[in-house]
Amino acid sequence: MSNVAIITARGGSKRIPRKNIRPFLGKPIIAYAIEAALQSGLFEEVMVSTDDAEIAEVSRSLGASVPFVRSAQNADDFATTTDVLLEVLADYKQLNQHFDFGCCLYPTSPFVTAALLQQAFEKLTAESFDTVYPVQAFGFPIQRAVGLDASGGVRWLQPEYQFTRSQDLEKAYHDAGQFYLFKTAPLIESRKIISANSGGLVISEMQAHDIDTEEDWKVAEFKWKIGNAH
């Protein structure tokens, strides 16, 4: 059995410039994903897929390999995560390297840990899923969501639930945006990272934070410091 960790880190980032290697509490944010993958002991290869020379240099200095330059086609705003993963696996195939399992790690995932990766891998192999990824519960029942019209008027998006007690509504979860552990054969065949045979690993609100804006960045640093205080 052979496993690869693929950290997807293209150079372009419009909302937060140089986001993938920007310092997060003293070290490049990509370092957290690289360190978790290396420390997990799950992977024969921990690599970074990038089109950017500086990201490649930083990644190598942190212990990851960068054996290929990502194609321009898969480095634009329209390339999907699956496109990138399939390109990486195809590039390794050209070198006669094949992997049974892979892990797509996002470079802005400072909360990911070796232990969490190990938990996900155990779930992936023990329960026969094609993919396993972390999920977080929504903080409020999504069935009670409201929409706003142009004038600011409020309307129920699902009016049939407006009088239902919160405890009677099904709990809903969302992708935590950290990583996907997957079997390579189903991914290549279906060209989908999330399928009907995917499993979720529930994590707490303190174990992940989506980072898309400067405000997100500050909140993530605050949460990380609280969660890792000794």
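This note goes through the pockets, the cavity, the salt bridges and a surface patch of the structure shown above.

1. Basis of the values. The model is predicted, so to speak of local features a pLDDT of at least 70 is needed and side-chain atom pairs count only at pLDDT 80 or more, whereas totals for chains, interfaces and linings use all residues. Residues are numbered from 1 along each chain as its sequence is written, and side-chain values use heavy atoms, with hydrogens and water left out.

2. The largest pocket. About 730 Å³ of space lies in the largest pocket, and of the 32 residues that line this pocket, Thr8, Arg10, Lys19, Asn20 and Tyr106 are the closest to its centre. A pocket here is an open set of points on a 1 Å grid over the protein atoms alone, with protein on both sides within 12 Å along at least five of seven lines, and a lining residue has an atom within 4 Å of a point. Grid points are joined across faces, edges and corners, and the volume is the space filled by probe spheres set on the points. The lining of the largest pocket divides into 11 nonpolar, 12 polar and nine charged residues, where Ala, Val, Leu, Ile, Met, Phe, Trp, Tyr, Cys and Pro count as nonpolar, Asp, Glu, Lys and Arg as charged, and the others, Gly among them, as polar.

3. The second largest pocket. This pocket holds about 290 Å³ of space, and the closest to its centre among its 17 lining residues are Pro110, Phe111, Val112, Thr113 and Asn228. Two or more lining residues come from each of α1 (30–40), α4 (114–126) and α6 (214–227), with α1 giving the largest share, four residues. Helices (H or I, at least four residues) and strands (E, at least two) are DSSP runs numbered from the N terminus. By class, the lining of the second largest pocket is made up of nine nonpolar, five polar and three charged residues.

4. The cavity. The structure holds one cavity of 30 Å³ or more, a cavity being a set of grid points where a 1.4 Å probe fits but cannot get out. The largest cavity contains about 40 Å³ of space, and its lining consists of Met47, Ser49, Phe68, Val69, Arg70, Glu87, Val88 and Asp91. Strand β4 (45–49) and helix α3 (81–94) each supply at least two of the lining residues, and the largest share, three residues, comes from α3. Four of the residues that line the largest cavity are nonpolar, one is polar and three are charged.

5. Salt bridge Glu54–Arg18. There are 10 salt bridges in the structure, each defined as a side-chain nitrogen of Lys or Arg within 4 Å of a carboxyl oxygen of Asp or Glu. In the one between Glu54 and Arg18, the closest N and O atoms are 2.9 Å apart. Glu54 belongs to helix α2 (residues 53–61) and Arg18 to the loop between β1 (3–8) and β2 (23–24), so the pair ties together parts that are 36 residues apart in sequence. Glu54 counts as partly exposed because its relative accessibility is 42%, and Arg18 is also partly exposed, at 31%; buried means under 20% relative accessible area, exposed over 50% and partly exposed in between, with a 1.4 Å probe and protein chains only.

6. Lys19 counts as buried at 14% relative accessibility, while Asp212 is partly exposed at 22%. Arg15, Lys19 and Asp212 are linked in a network of salt bridges. Glu214 forms a salt bridge with Arg22, the closest N and O atoms being 2.9 Å apart, and this pair connects helix α6, where Glu214 lies, with the loop between β1 and β2 that holds Arg22, 192 residues apart. Glu214 is partly exposed at 36% relative accessible area, as is Arg22 at 24%.

7. The nonpolar surface patch. Val146, Leu148, Val154 and Trp156 form a nonpolar patch on the surface, with about 390 Å² of accessible area together. Patches are made of residues with over 30% relative accessible area and no salt bridge, with like charges joined within 9 Å and nonpolar side chains (Val, Leu, Ile, Met, Phe, Trp, Tyr) within 5 Å; accessible areas come from the Shrake-Rupley method with a 1.4 Å probe, and for residues only the protein chains shown count as cover. Strands β7 (146–148) and β8 (154–156) each supply at least two residues of the patch. Val154, placed in strand β8, counts as exposed because its relative accessibility is 60%.
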